[in-house]
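My entries follow the order in which I looked things up.

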Protein chains: 2
Amino acid sequence: MKFRRSERLIDMTNYLLDHPRQLVSLTFFSERYGSAKSSISEDLGIIKETFEQRGIGTLQTVPGAAGGVKFFVKVPKEEARPFVEELCELIATPDRLLPGGYLYLTDILGDPAIVQKAGRLLASAYADTKIDVVMTVATKGIPLAYAVASQLNVPVVIVRRDSKVTEGSTVSINYVSGSTKRIQTMLLSKRSIEEGSKVLIVDDFMKAGGTVNGMVSLLEEFNASVAGIAVLVEAEKTEERLVDEYLSLIKLSDVDVKEKRISVSEGNYFSKY
Amino acid sequence: MKFRRSERLIDMTNYLLDHPRQLVSLTFFSERYGSAKSSISEDLGIIKETFEQRGIGTLQTVPGAAGGVKFFVKVPKEEARPFVEELCELIATPDRLLPGGYLYLTDILGDPAIVQKAGRLLASAYADTKIDVVMTVATKGIPLAYAVASQLNVPVVIVRRDSKVTEGSTVSINYVSGSTKRIQTMLLSKRSIEEGSKVLIVDDFMKAGGTVNGMVSLLEEFNASVAGIAVLVEAEKTEERLVDEYLSLIKLSDVDVKEKRISVSEGNYFSKY
């Protein structure tokens, strides 16, 4: 069965979007559509151009006999900015204020479209970084971690606060929460991370960074290293930040419970990445 | 700026895949590309045909002035079956056996590609069902719930076992676990579900169904109703099942700890849906 160019373009677009960071050979596409490699090459040229023009991402060509193409998500800053601005407005609604100056973000984190878009932005920043696995801590960071990981084509491991029989044997550490100064425990299934892995830590919220710091310590137990730290929201006003190198989409600069005012602005994403 | 057909097809494919179950007007596309509506109509015809042929999904045309197209994910059974078979093989590996006859599934649930595919299969089954929200319980069901919800274009709400200040006020219930017969608590943020909502319950694993049953009771407190129940794996050998109507991709029929044998087969997905 032969395919017309228009059909190939549609199916290839879907295939590439669904297989980010994976090398797809020209032979694979050529056999899939019963088309000459020269036609496939032309198709890929059109796709690459359109992807870049529309801010979808880019195709990287790997030359040689074992070559092919790889799709990378790359959201341009001019598209990322309005999204982050909208998110800031959404977060700044006064009825999000909870007792103690906490913010209700559950609805935002519960919106798959927002989470996926945020995941694409963060994944764009790590497109050229070697990453083997994304790590997060239960519960709130999980959706964002999957959104990032699916674009980076790596697995997710979830650190827990409590032990479950279904995790098998675990490695646990005690750590001090940065903001409450309490001692807490976190644990991770022993078989979840291989030695030497490069790990991207993803979380929804970072205050002083105690939890993230705990995850960094946990990685040492696995002889794994931190490839990056990415959070959706960072709280700015913290006496001392335990973590230096990180990427944040949004910065929570001030929460005034009395005046019911929440001040948010864009995070360091646009200046750091 | 004018766009050629090939560029339109690539960008429209990406746009539609990214906006499932959302009505997109011809005017929107026509303005996006500076093209006549008649050309857009033709484009959509080609996309619909290719989507259906390649098992990606389908486009539904809504006629009239306020009309447009909607993309629905629809994985055909002949494509779903090999995926489920592979998953069965993956689960049947003896080294997944944990003390007590539990199974280690963390790596499978940690693979975004598997989770997304499973989510697409389950979402396909509910393409024609009215669903307002997907509900799951922390922690393991979360990624699958998001994978389903993103295809259905609805938010996710997460039931928790412990109370967190960031959830605001909550509604909690006590329920009896089906397999261990212990009394447990689950709670959900008060503002997370609107009255009258139609809810799809999604979880990774169902034994006797106590947890799912708990979620059903919790929904009654919100005056919301169950639109469906979908799980990745069901355990077959349970004395009495507390839940009748559900969809499962995989059935765990027997776990023989002594012989280190795990028997898995396809779930009721293929017969029920």
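**Entry 1: the model and chain A**

I am working from a predicted model. I started with chain A and counted nine helices and 10 strands in it. For its extent, I took the C-alpha trace along the principal axes and got about 65 × 45 × 30 Å. Next I checked burial: of the 273 residues in chain A, 45% are buried. I also looked at how far apart in sequence the contacts reach. Among contacts in chain A with a separation of 6 or more, 61% are between residues 24 or more positions apart.

**Entry 2: where the chains touch**

How many residues of chain A are in contact with chain B? I found 41, and they meet 41 residues of chain B. Then I listed which elements of chain A give two or more residues to that side: α1 (5-18), α3 (37-53), α6 (112-125), α7 (142-152) and β4 (156-159). Of these, α1(A) gives the most, with nine residues. Sorting that side of chain A by class, I got 20 nonpolar, 14 polar and seven charged residues.

**Entry 3: α1 against α1**

For a pair of packed helices, the description I want is the angle between the axes and the distance between them. Here the axes of α1(A) and α1(B), residues 5-18 of chain B, come within 9 Å and cross at roughly 35°. I noted the crossing as right-handed.

Which residues of α1(A) make the contact? I wrote down A:R5, A:S6, A:L9, A:I10, A:T13, A:N14 and A:L17. From α1(B) come B:R5, B:S6, B:L9, B:I10, B:T13, B:N14 and B:L17. By class, the residues of this contact divide into six nonpolar, six polar and two charged.

**Entry 4: a sheet in chain B**

Last, I traced an open sheet of six strands in chain B, and the order reads β4-β3-β7-β8-β9-β10 with mixed pairing. At the edges I have β4 (156-159) and β10 (261-266) of chain B, each pairing on one side only. Neighbouring strands of the sheet are turned by 25° against each other on average, direction ignored.

I zoomed in on β9(B), residues 247-256, which pairs with β10(B) in the antiparallel sense over six bridges. B:L252 sits opposite B:V264 of β10(B).

Which helix packs on the sheet, touching β8 and β9 of chain B? I found α6(B), residues 112-125. Its direction makes about 125° with that of β9(B).

Definitions and conventions: Residues are numbered from 1 along each chain as its sequence is written. Chains are lettered from A and ligands numbered from 1 in the order in which they are written. This is a predicted model: local features need pLDDT of at least 70, side-chain atom pairs count only at pLDDT 80 or more; totals for chains, interfaces and linings use all residues. Two strands pair if DSSP finds at least two bridges between them. Helices (H or I, at least four residues) and strands (E, at least two) are DSSP runs, numbered from the N terminus. Axes are lines fitted to C-alpha atoms, for helices over the stretch in contact, and angles run from 0 to 180 degrees between N-to-C directions. Two residues are in contact if their C-beta atoms, placed from the backbone, lie within 7 Å. A residue is buried if 20 or more other C-beta atoms lie within 10 Å of its own, exposed if 12 or fewer, and partly exposed in between; C-beta atoms are placed from the backbone. Ala, Val, Leu, Ile, Met, Phe, Trp, Tyr, Cys and Pro count as nonpolar, Asp, Glu, Lys and Arg as charged, and the others, Gly among them, as polar. A crossing is left-handed if the near helix is turned anticlockwise from the far one by less than a right angle, and right-handed if clockwise.
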